[in-house]
Amino acid sequence: MAHEIVDGSSMQRALTRITYEIIEQNKGVENLVFVGIKTRGIYLANRLAKRLNQLENVDVPVAALDVSLYRDDRHVPDNHVEPTVHTKKLDVDITDKHVILVDDVLFTGRTVRAALDALMDMGRPKRISLAVLVDRGHRELPIRPDFVGKNIPTSSNETVHVAVEEYDGHEDITIEKN
């Protein structure tokens, strides 16, 4: 049974806070590009870009990134077959840009590692920062977010679900025991 820990309005406040932090740490919004990790990260990236536009009157490009082919835990490598790279180009040029990678939940860090590999195949950003709505701990890789909406300590036998209106038809963050 899922237990709601954050409601939709609290999610919006967390995203607004992240937006202000991005403006402050970047000393403006020059050369920014948001790259949302599919699926829910792209919706969050679009929201951050929209809020940034409201605050700074600047359109920051947003791109979607599918990292499934870069995951090290979703396929078995075969050393006898040359890998086929199925990289889809981003809709935005990231070369010499400050890329803000956006995801819903940071857990082990493996999705972010896959996203970094994918980004490097698509260009050479000047800088990459990580924005996540939820950091739940349990890292397996040395990855740390630059912008965090909520730190939610969890046990390894729990799952955190982020629901966004655009995809799920409602907004909240829930936690569920496995």
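Mentor: Let us begin with a definition: a residue is buried when its relative accessible area is under 20%, exposed when that area is over 50%, and partly exposed in between, using a 1.4 Å probe and protein chains only. The structure is a predicted model, in which local features need pLDDT of at least 70 and side-chain atom pairs count only at pLDDT 80 or more, while totals for chains, interfaces and linings use all residues. Residues are numbered from 1 along each chain as its sequence is written, and side-chain values use heavy atoms, leaving out hydrogens and water.

Trainee: Is S129 buried or exposed?

Mentor: S129 is classed as buried because its relative accessibility is 1%.

Trainee: Which residues does S129 contact, leaving aside its neighbours within four places in sequence?

Mentor: A contact means heavy atoms within 4.5 Å. With those neighbours set aside, S129 touches H98, V99, I100, L101, D146 and F147. H98 is 31 residues from S129 along the chain, yet their C-alpha atoms are separated by 7.5 Å.

Trainee: What is the order of the strands in the open sheet?

Mentor: Two strands pair if DSSP finds at least two bridges between them. Here five strands form an open sheet in the order β3-β2-β4-β5-β6, with parallel pairing. Its edge strands, each pairing on one side only, are β3 (62–65) and β6 (147–151). From one strand to the next, the twist averages 25°. Within the sheet, β2 (residues 32–37) and β4 (residues 98–106) are joined in the parallel sense by five bridges; L32 has H98 in β4 as its bridge partner.

Trainee: Which strands does helix α2 touch, and how is the angle to be read?

Mentor: Axes are lines fitted to C-alpha atoms, for helices over the stretch in contact, and angles run from 0 to 180 degrees between N-to-C directions. Helix α2 (residues 40–56) packs on the sheet and touches β2, β3, β4 and β5, its direction making about 155° with that of β2. Helix α3 (residues 110–122) also packs on the sheet, touching β2, β3, β4 and β5, and its direction makes about 155° with that of β4.

Trainee: How many salt bridges does a search of the whole structure find?

Mentor: Side chains of opposite charge can pair when their charged atoms come close. A salt bridge requires a side-chain nitrogen of Lys or Arg within 4 Å of a carboxyl oxygen of Asp or Glu. The search finds seven. One of them joins R47 and E166 at 2.7 Å, N to O. This pair links distant parts of the chain, with R47 in helix α2 and E166 in helix α4 (residues 165–168), 119 residues apart. R47 is buried at 13%, whereas E166 is partly exposed at 43%.

Trainee: What are the relative accessible areas of D135 and R139?

Mentor: D135 has 10% and is buried; R139 has 28% and is partly exposed. Salt bridges that share partners also join R47, E166 and E171 into one network. The side chains of D135 and R139 themselves meet in a salt bridge of 2.9 Å, N to O.

Conventions:
Helix = DSSP H or I, 4+ residues; strand = E, 2+ residues; numbered from the N terminus.
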